[in-house]
Amino acid sequence: MNAQEIIRSIEAEHIKSDLPAIYVGDTVRVGVKIKEGDKFRVQPYEGVVIGKRNGGINETITVRRVFQGVGVERVFLLHSPRIDSIKVLRRGKVRRAKLYYLRGLSGKATRIKQRFDRAL
């Protein structure tokens with residue numbers, strides 16, 4: 001067994017199998033585990049997926065939302081133990097892989113058409 005096979009076998013134990021199919025342009029609600037003292041609670045973070053990166057154990061999504069007039073982006077490691085759940089709220093119809101142009105838009109200009117040909 002070479003080193004890459006050993007690494008893949010260790011990573012395979014930690015890959016989550018219950019994740020929904022997430023595409024760029026989707027509106028998602030990510031349940032993030034937050035530690036307060038000795039307890040954990042789940043805080044939802046809702047926004048539009050503006051980018052996906054890598055595959056396998058290192059797969060990440062960038063989620064953007066506007067909070068009190070300020071755009072906030074967070075990068076989530078999909079297979080992290082801090083991610084409790086991911087729910088796709090609506091599918092977006094987009095024509096590119098990265099939606100970084102949304103950073104320069106505001107208000108109704110940031111809306112994305114809904115896509116109905118993929119299941120939620």
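**Note on packing and pocket**

1. Phe76 counts as buried because its relative accessibility is 3%, buried being under 20% relative accessible area with a 1.4 Å probe and protein chains only. Tyr45 is likewise buried, at 5%.

2. The model is predicted: local features need pLDDT of at least 70, side-chain atom pairs count only at pLDDT 80 or more, and totals for chains, interfaces and linings use all residues. Residues are numbered from 1 along each chain as its sequence is written, and side-chain values use heavy atoms, with hydrogens and water left out.

3. One aromatic pair is found in a search of the whole structure; rings of Phe, Tyr and Trp (its six-membered ring) pair if their centres lie within 6.5 Å, and planes over 60 degrees apart count as edge-to-face. Tyr45 and Phe76 form this edge-to-face pair, with 5.6 Å centre to centre and 65° between the planes. The partners are 31 residues apart, Tyr45 in strand 2 and Phe76 in strand 4 (residues 70-77); strands are DSSP runs (E, at least two residues) numbered from the N terminus.

4. The largest nonpolar core has 13 residues, of which Ile22, Val28, Val30, Ile61, Val63 and Phe76 touch the most other members. Such a core is a set of buried Ala, Val, Leu, Ile, Met, Phe, Trp, Tyr and Cys residues joined through side-chain atoms within 4.5 Å. Two or more residues each come from strand 1 (27-36), strand 2 (39-53), strand 3 (60-67) and strand 5 (83-90). Leaving aside residues up to four places away in sequence, Val30 has contacts (heavy atoms within 4.5 Å) that include both Tyr45 and Phe76.

5. Another core, of six residues, lies apart from that one and includes Val48, Leu99, Leu102 and Ile112. Ile112 belongs to the segment after strand 5 and is buried, at 13% relative accessible area. Among the residues that Ile112 touches are Val48, Val94, Leu99 and Leu102.

6. The largest pocket holds about 300 Å³ of space. A pocket here is an open set of points on a 1 Å grid where a 1.4 Å probe fits, with protein on both sides within 12 Å along at least five of seven lines; lining residues have an atom within 4 Å of a point. Of its 16 lining residues, Val48, Arg64, Arg65, Val66 and Thr110 are the closest to its centre. Strand 3 gives the largest share of the lining, three residues.

Definitions and conventions. Buried < 20%, exposed > 50% of the residue type's maximum accessible area, 1.4 Å probe, protein only. Helix = DSSP H or I, 4+ residues; strand = E, 2+ residues; numbered from the N terminus. Points joined across faces, edges and corners; volume = space filled by probe spheres on them. Phe/Tyr/Trp six-rings, centres within 6.5 Å; stacked < 30°, edge-to-face > 60°.
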